[in-house]
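User: I am new to reading structures, and I would like to see how each description is tied to its definition. Could we go through this one step by step?

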Amino acid sequence: KAAVAGHVLDDSVDVWALGATSAIGDDTLEKVTGLLEDRGVTFLALDWPACPLPPMAVLLTATRNISIGWLTKRAGYDGPTLTTIFSAIASHPSYDSQADRLRDEVTAAKVGLGALRMRSDEWLSRRLREPLPSQNAFGQYLTVAAPDWPAVPRPGLLDRLAQITTLTLNSERPVIAAVLGPEGVGKSWLVAHWWSSLTERPIMVIVSGGRVEQLRPNEPLESLAHLLSDQVPCSSQDSSGGWLRRLRRWKKQNSRGNLRFVITVDGLNERPRRPWADLIKGLANEAHMLGGLIIVTSRDAYWNRDIRPRLPGSLDIRTMEVDEFGDKELVVALARAGASPYALPTKVREFVRNPRICALAVKLLDRLLQPGELTVDRLLFEYWRHRLEERGDLTKHTIADFEKLIRSHARGWLERPSRSFDRDEWHSHSGAAQRLGLDHVVNDVTDIAEGR
């Protein structure tokens with residue numbers, strides 16, 4: 001029955017209660033709980049174990065007026081006798097705590113959250129371990145828990161992120177945690193590493209790569225429902241509709257100070273034509289009512305120029321900076337290839353302080369005979385080859401396109417050495433922009449502006 005209920009009703013029922021006047025048994029309880037939670041349905045066991053108080057007895061006592069009326073009318077029990085029994089149960093030392101726990105389990109704003117947290121945790125954890133699922137979901141390798149290349153510990157940054165994502169009972173404004181820094185310094189990895197290191201993980205939705213297209217400025221809650229249906233699909237055809245109904249219910253109870261949901265919007269500067277200010281404002285308000293916040297990652301210049309000035313003062317905006325590896329972090333990272341930073345040429349050592357470049361350097365050092373064989377030119381080539389492999393069709397320029405673009409920029413600079421890079425004119429140097437149209441290549445401007 002539980003298996004059938006879980007399969008057929010997972011998008012329309014949130015609680016499946018089993019009432020019994022005998023003990024269900026630990027094995028049965030575990031199996032039924034697992035069957036239903038796999039489908040996002042909360043299992044409520046109202047049975048009659050020996051101690052401390054049977055859950056069914058607690059339920060009947062908590063609703064004693066209704067219970068007495070039903071039992072006297074339908075079962076022929078004596079009213080005064082039932083009152084005496086229920087009074088004895090209510091005076092038991094464990095009654096109040098058990099009754100509170102029972103109410104908590106059936107609170108409308110919490111029912112189903114445990115099952116969603118478990119299934120969402122499994123979905124995200126796999127994508128933080130395995131490269132292919134990570135790339136398919138996020139358009140990049142967010143494999144901070146991969147056994148062959150786990151995240152380099154950055155305790156100072158993790159502590160700072162923990163600070164700006166802390167919610168309190170006084171958190172009255174929607175919170176936005178902005179993680180800022182240059183390209184490739186590990187902003188996305190830091191957020192993923194922070195979540196994976198938590199003891200009690202909130203439900204986290206990462207919006208990156210192709211998932212960005214599911215965001216609609218005027219429908220933030222519907223957008224979140226679509227994203228959840230990708231991670232934890234219901235069995236019905238309208239999977240997002242089931243999640244939308246749950247999200248609306250979970251919003252009804254004030255859960256201030258309790259971090260239940262985190263929406264991470266990654267790489268804002270990589271999609272410069274998206275209406276980020278409106279999207280962020282809408283998502284932040286919904287996350288706040290759900291008991292959560294949003295985290296955004298972006299390059300500093302883009303955030304400060306294009307997004308921050310457009311956000312209202314009603315938002316609690318907290319920022320932190322992520323920079324390249326310090327000396328200790330660089331030593332730890334290169335030690336994975338059995339290399340020391342001081343064995344590298346000075347220019348190469350400074351270049352590989354960028355965490356993304358450093359990861360490539362470690363892989364190259366495994367194949368090279370001497371650390372001195374590693375050059376900046378070699379790393380640049382490997383960087384672009386890896387970038388195209390990682391992002392796939394999200395990057396429209398090929399290696400040949402970028403080579404021609406750089407040559408065109410170089411000619412322009414030689415003609416006028418004092419002129420600075422103008423991001424509004426970059427496409428005039430791009431053959432891909434002329435061949436495919438600016439709309440198809442505009443998202444590549446981040447990598448071009450970074451000079452990588």
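Analyst: In this predicted model, five strands form an open sheet in the order 4-5-6-3-7, with parallel pairing. Strands here are DSSP runs (E, at least two residues) and helices are runs of H or I with at least four residues, both numbered from the N terminus.

User: Why are strand 4 and strand 7 said to stand at the edges?

Analyst: Two strands pair if DSSP finds at least two bridges between them. Strand 4 (203-207) and strand 7 (316-321) each have a single partner strand, so one side of each is left without a neighbour in the sheet. From one strand to the next, the twist averages 20 degrees.

User: What makes strand 5 and strand 6 a pair?

Analyst: Strand 5 (residues 261-265) and strand 6 (residues 292-298) are joined in the parallel sense over five bridges, and the definition asks for at least two. Phe261, for instance, has Gly292 in strand 6 as its bridge partner.

Analyst: The model is predicted, so local features need pLDDT of at least 70 and side-chain atom pairs count only at pLDDT 80 or more, while totals for chains, interfaces and linings use all residues. Residues are numbered from 1 along each chain as its sequence is written, and side-chain values use heavy atoms, with hydrogens and water left out.

User: Why is helix 9 called roughly perpendicular to helix 10?

Analyst: The axes of helix 9 (residues 155-164) and helix 10 (residues 187-196) come within 10 Å and cross at roughly 75 degrees. Because angles of 65 to 115 degrees count as roughly perpendicular, helix 9 is roughly perpendicular to helix 10.

User: Which residues of helix 9 and helix 10 meet?

Analyst: Leu157, Leu158, Leu161 and Ala162 of helix 9 meet Leu190, Val191, His193 and Trp194 of helix 10, where contact means heavy atoms within 4.5 Å. The residues of this contact divide into seven nonpolar, one polar and no charged.

User: Which helix gives the most to the lining of the largest pocket?

Analyst: Helix 18 gives the most, with seven residues. A lining residue has an atom within 4 Å of a pocket point. Of the 40 residues that line this pocket, those closest to its centre are Tyr141, Trp149, Trp189, Arg356 and Ala359.

Note on methods:
Axes are lines fitted to C-alpha atoms, for helices over the stretch in contact, and angles run from 0 to 180 degrees between N-to-C directions. Angles under 35 degrees count as roughly parallel, over 145 as roughly antiparallel, 65 to 115 as roughly perpendicular and the rest as oblique. Ala, Val, Leu, Ile, Met, Phe, Trp, Tyr, Cys and Pro count as nonpolar, Asp, Glu, Lys and Arg as charged, and the others, Gly among them, as polar. On a 1 Å grid over the protein atoms alone, a cavity is a set of points where a 1.4 Å probe fits but cannot get out, and a pocket is an open set with protein on both sides within 12 Å along at least five of seven lines; lining residues have an atom within 4 Å of a point.
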